[in-house]
Amino acid sequence: MTGTPILTAAQMREAEQAVFASGIPEYELMERAGVAAAEIIWRAGAKRDALVLCGPGNNGGDGFVIARQLRSRGVPVRVAALGESRTESARKARAAWNGPVEPFDQAGPATQIIDALFGTGLSRGLDAVVAERLCDLTGRAAFSYAVDLPSGVDTDSGALLSAVPDFGICIALGALKPAHVLHPAAGLYRRLVCADIGIATSDTIHHLSPPHLVRPLASDHKYSRGLVAVVGGEMAGAGRLAAHAAARSGAGMVRHLTSLDGAAALDAVITRQARGVDEVKAYLADRRLAAVVVGPGLGRGGDARDRLAAVLPCGHPLVLDADALTLLGGAGAEGIPHGSILTPHEGEFAALFGDLQGSKINRAVGAAQRVSAVVVLKGADSVIAAPDGRVAVATGASPWLSTAGTGDVLAGLAAGRLAVTGDPFRAACEAVWLHGEAARRAGAAFVAGDLIAQLPAAIGSRL
Ligand SMILES: NC(=O)C1=CN([C@@H]2O[C@H](COP(=O)(O)OP(=O)(O)OC[C@H]3O[C@@H](n4cnc5c(N)ncnc54)[C@H](OP(=O)(O)O)[C@@H]3O)[C@@H](O)[C@H]2O)[C@@H](O)CC1
Ligand SMILES: [K+]
C-alpha cells in the first residue's frame with residue numbers, strides 16, 4: 001500500500017543533510033541528480049536540440065550537470081541562465097559545463113526545453129517576465145521537462161505562485177514532493193518520474209500504490225468475510241449504490257436499511273425497511289456486523305438526524321459520508337467514534353473542519369488527528385490520512401468520476417473493505433485505489449453503477 005515517499009521541502013533538506021553526514025559531498029548528490037535526469041531526457045528526446053534553463057540555486061546546478069551529460073551524448077545543447085550561480089555546488093556544475101551560457105531573457109526556442117530554474121528552494125512567484133518567457137519557450141517546445149518541480153509551484157502545497165506552463169515530463173529528484181501529487185501543480189505534467197539519487201527516506205507520507213488483496217479462505221463463510229449494513233434513509237438510490245458497491249467489495253453480506261416502503265429487492269443485497277429509529281437500532285444490535293456505512297441517501301431532516309444518532313454509538317466500525325458528514329458538520333464534528341472512516345469532499349470537509357489551514361495533506365492530517373479517525377479528503381487528488389500521521393495520496397483519478405453517485409460507491413466500497421480487513425486506514429487506501437481502477441476500466445462517460453460492475457475485475461487484478 002505504501003508507494004513512493006512524499007517529502008516536504010524541509011524533510012527533503014533533512015534527508016539531504018543525512019546523506020552529507022554519511023560522507024557524501026553535496027556536489028556528488030547534484031551529479032547523481034543531473035545524471036539521472038539526463039538519462040530520462042535522453043530516453044525521451046534522444047538527439048533533438050535542447051535548451052536548459054538554469055536558475056541561481058541548486059536546481060540550476062542540476063541543469064548544468066544535465067547539459068553536460070546530454071552534450072556528452074551528442075545532443076546539441078544550449079544553456080541559458082537566470083543570473084549568477086549562488087551556491088558552491090551550482091558554481092562547480094557551471095564550471096564543469098565549460099560551455100557558453102546565454103542570458104535567460106535572450107534565449108531562443110528549442111525542440112526540447114529543460115526547466116531547471118527553481119526547485120524546492122522557490123520562495124515566491126517568478127517575476128512576471130521570467131514566468132512569461134518560461135511559458136513561451138515551453139509552449140513552443142515539442143519536448144519539455146521540469147527538473148524536480150515545475151518552476152513557480154509551491155513545493156509543499158501544490159499552489160501556483162506565478163504562471164506555470166504544462167510539461168511533458170516532471171522528473172522528481174530523490175522523492176516526490178507534495179506538489180507532485182496535489183492539484184493544481186499535479187495537473188501540470190503528463191508523466192511523472194521519480195529519479196533515485198540514493199537518499200534514504202523513511203517517511204509516513206506516500207503516493208498511493210496498488211494494494212495487495214487476499215482471496216477468501218476455503219473455510220470462510222458470508223459472516224466471516226464481513227457483514228456490512230448501509231443505514232440509508234429517504235433517498236433509496238444513493239443508499240442502494242453504497243450497498244451494491246459494498247456487495248462487490250469482497251465482503252460476505254450486505255444489508256441495506258431504508259426508511260422507504262416497498263424496498264425489498266431480489267438480489268444479493270438484502271434490503272430491509274427500517275422506518276423508525278428503534279428498528280434501526282434493532283438491526284444494528286447484530287453483533288456479527290463488521291462495518292456500518294451511514295450518509296448516502298440518509299437525508300438531512302429530523303428523521304435523518306435521529307437515524308444518525310442511532311448509528312454513532314452502535315459500536316461497529318463506521319464509514320461516515322455525504323449527509324452524515326453534513327449533519328455532523330452542523331454539530332461541530334461531535335460524536336464521531338474513534339477509528340471511523342470519513343469520506344468528505346471539500347465542501348463537507350469545510351463544514352466539519354473549516355478552520356484547518358495549510359496544504360490539503362496538512363488539513364487532512366489535522367482533521368484525522370482531531371477526530372481520531374481516518375479521513376479521506378476526496379478530489380482529483382484524494383488524501384487519505386490516519387490519526388497516527390500516516391498519509392497516502394492518490395493521483396491520476398479519471399475526470400469522469402465527477403458524476404452523481406460515485407461518492408456513494410466509494411463509501412460502500414470503504415465499508416466493504418473495512419469489513420474484510422478490520423483496518424480503517426488500509427480499508428480506505430484499498431477503497432480509493434479500487435475506485436480509481438474501476439473508473440479506469442469503465443472508460444468514458446460512465447455512471448456510478450458502471451463503476452460497481454468493474455469492481456470484481458479491479459479486485460481480481462490485485463489478488
Ligand atoms: N535536496 C536534495 O536532496 C537535492 C536537491 N537538489 C536540487 O536542489 C534544489 C533545491 O536547491 P536550492 O535549495 O538551492 O533551491 P532552488 O530551487 O534552486 O532555488 C533557490 C534559489 O532561488 C532563489 N529564488 C527563490 N525563489 C525565487 C524567485 N521566485 N525568483 C528569483 N529567485 C528566487 C533563492 O534566493 P532567495 O531570493 O529566495 O534567497 C535561491 O537563490 C532541488 O529542487 C533539486 O533540484 C539536487 O541537486 C541534489 C539533491
Ligand atoms: K524546475
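This is a short tour of the predicted model, one selection at a time.

Residues are numbered from 1 along each chain as its sequence is written, while chains are lettered from A and ligands numbered from 1 in the order in which they are written. Because the model is predicted, local features need pLDDT of at least 70 and side-chain atom pairs count only at pLDDT 80 or more, whereas totals for chains, interfaces and linings use all residues.

**Whole chain**

Select the protein chain. Its C-alpha atoms fill a box of roughly 80 × 40 × 40 Å along the principal axes. Colour by secondary structure to see 15 helices and 18 strands; these are DSSP runs, with helices being H or I of at least four residues and strands E of at least two, numbered from the N terminus. Two residues are in contact if their C-beta atoms, placed from the backbone, lie within 7 Å. Among contacts between residues at least 6 apart in sequence, 72% join residues at least 24 apart.

**Ligand 1**

Next, select ligand 1 and the 30 residues around it; a residue belongs here if its C-beta atom, placed from the backbone, lies within 6 Å. Coming nearest are G57, N58, N59, G119 and G121. Then show α1 (9–21), α2 (26–45) and α3 (58–72), each of which supplies at least two residues of the shell. The largest share, five residues, comes from α3. By class, the shell has twelve nonpolar, 13 polar and five charged residues. Ala, Val, Leu, Ile, Met, Phe, Trp, Tyr, Cys and Pro count as nonpolar, Asp, Glu, Lys and Arg as charged, and the others, Gly among them, as polar.

**The annotated site**

Now select K378, G379, A380, D381, S382 and G407, which an unreviewed UniProt entry annotates as "binding site". They are spread over 30 residues of sequence but cluster in space, with a largest C-alpha distance of 14.1 Å. The UniProt positions are in the numbering used here, feature names are shortened, and annotations may be inferred rather than shown by experiment.

Zoom in on D381, in the loop between β16 (374–377) and β17 (382–385). D381 is buried because 23 other C-beta atoms lie within 10 Å. Not counting residues up to four places away in sequence, D381 touches V181, L182, H183, A186, K360, V393 and T395.

Finish at G407, in helix α13 (residues 406–421). G407 is also buried, with 24 other C-beta atoms within 10 Å. Leaving aside neighbours within four places in sequence, G407 is in contact with D321, A322, T343, H345 and K378.

Technical notes. A residue is buried if 20 or more other C-beta atoms lie within 10 Å of its own, exposed if 12 or fewer, and partly exposed in between; C-beta atoms are placed from the backbone.
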